[in-house]
Structure formats: C-alpha cells, structure tokens
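This briefing concerns a predicted model.

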Amino acid sequence: MATTLTQARNILTAPELDLFAHSRTEGLKALTPARLRAKLVRARALRDKYQDLYRRQSLASRERTASKRGASGEANERTQAKAAVFAEVIDRFEQRIAYCEAVEAREQARREASATRKAAAPAGRKAAGPSTRARQAASKSGARSKARSASKGMAADATTARGARARSRTQH
C-alpha cells in the first residue's frame with residue numbers, strides 16, 4: 001500500500017518529507033535525470049539508516065522484553081514505517097530513472113537512424129545507377145545513334161534502290 005502525504009507528515013522530518021514529496025508524480029516530472037540519481041542516493045541512505053536502526057531497536061527490545069521477536073508494540077513501529085516509506089520512495093525514483101533512460105535511448109536511436117538515412121541516401125543513389133543527367137545524356141546519345149543507324153539503313157536502302165533503278169534503265 002502506498003503511503004499518503006498525510007501519513008508521511010506524521011512520521012517524517014521536514015527534509016525527509018521534502019524527499020518524499022519529490023518522489024510523488026509532480027515532483028518526479030520536475031527532476032532531471034542527474035537530480036533523480038542524487039535523490040535516489042539520499043533515499044537509499046535514509047532507508048538503510050532506518051533499517052539498521054530498526055534492527056538495533058529490535059535487539060535492544062529483545063533484551064528488555066525477553067522475547068525472541070523483540071516486538072514491544074510502539075517501540076520501533078515508527079522506525080519500521082520510515083524504512084517502508086523510503087523503500088517506496090526508492091522504487092518510485094528507480095522507475096522514473098528507468099523511464100528517462102528509455103526515453104533517452106529511443107531519442108538516441110532515432111537520431112542514429114536519421115543520421116544513417118542521411119548518410120546512406122546519396123550513397124544509395126550512386127550505387128543504384130547513373131544520375132538523372134547521365135541517364136538523359138545516355139538516352140539522347142542513344143536516340144542519336146538509333147537515328148544514325150536508321151538513316152544509314154535508309155541510305156543503304158536508297159542506294160540499293162537507286163542502283164536497281166539505274167540498272168534497270170540501262171538494260172532497257
């Protein structure tokens with residue numbers, strides 16, 4: 001169960017409450033990834049502090065109460081609650097850091113893909129074949145050569161036709 005702000009106010013000190021507030025939705029959105037990491041380090045330190053304090057209090061309570069559990073009611077409930085609150089805070093910070101890293105990775109991949117496409121576009125055109133101008137020039141020269149071939153063929157046909165006519169005239 002998530003700890004509410006009202007519950008946190010009852011057990012946390014002012015600096016701890018500030019850290020708790022930054023772990024909530026609006027506070028998380030305002031933090032940069034570097035600030036998130038710094039807050040995460042602070043939250044881990046506080047969680048560890050309260051977990052250790054809870055253990056020490058439990059051991060001291062065992063000696064006083066002569067029970068194996070060392071639970072004497074209210075003696076260390078507050079400390080245990082603080083440790084639980086900071087465990088929640090750590091989870092929130094870690095989730096937000098993971099989200100920020102995923103967003104950054106997507107943006108980086110998008111930038112790399114864009115750069116790859118830009119670099120590959122001119123190379124792709126060159127590798128695919130001649131440029132537009134080269135193709136136009138080739139088609140013009142191809143058309144010229146075809147026209148020349150056709151005209152030579154017609155000239156040859158015309159020559160043979162003339163020769164045939166001239167021969168036929170001389171024979172008559």
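K82 is buried, because its relative accessible area of 7% falls under the 20% cut-off. This lysine belongs to helix α5, which covers residues 77-128.

**Surroundings of K82**
- Leaving aside residues up to four places away in sequence, K82 touches I11, L12, T13, E16 and Y50.
- Among these partners, E16 of α2 and Y50 of α4 also take part in the contact of those two helices.

**Packing of α2 with α4**
- The axes of helix α2 (residues 14-22) and helix α4 (residues 33-65) come within 11 Å and cross at roughly 125°.
- The crossing of α2 and α4 is left-handed.
- On the α2 side the contact is made by E16, D18, L19 and H22, and on the α4 side by K39, R42, A43, L46 and Y50.
- By residue class, the contact of α2 with α4 consists of four nonpolar, one polar and four charged residues.

**Helix α4**
- With 33 residues, α4 reaches 47 Å from its first C-alpha to its last, which is close to the 48 Å expected at 1.5 Å a residue.
- The buried residues of α4 are L36, K39, L40, A43, L46, Y50, S58 and S61.
- Of these, K39, A43, L46 and Y50 are buried and also belong to the contact with α2.

Key
Residues numbered from 1 in each chain as written. Predicted model: local features only at pLDDT ≥ 70, side-chain atom pairs only at ≥ 80, totals over all residues. Heavy atoms only, no water. Helix = DSSP H or I, 4+ residues; strand = E, 2+ residues; numbered from the N terminus. Buried < 20%, exposed > 50% of the residue type's maximum accessible area, 1.4 Å probe, protein only. Contact = heavy atoms within 4.5 Å. Axes fitted to C-alpha atoms, helices over the stretch in contact; angles between N-to-C directions. Left-handed = near helix turned anticlockwise from the far one by under 90°. Nonpolar A, V, L, I, M, F, W, Y, C, P; charged D, E, K, R; others polar. Expected span 1.5 Å × (residues − 1).
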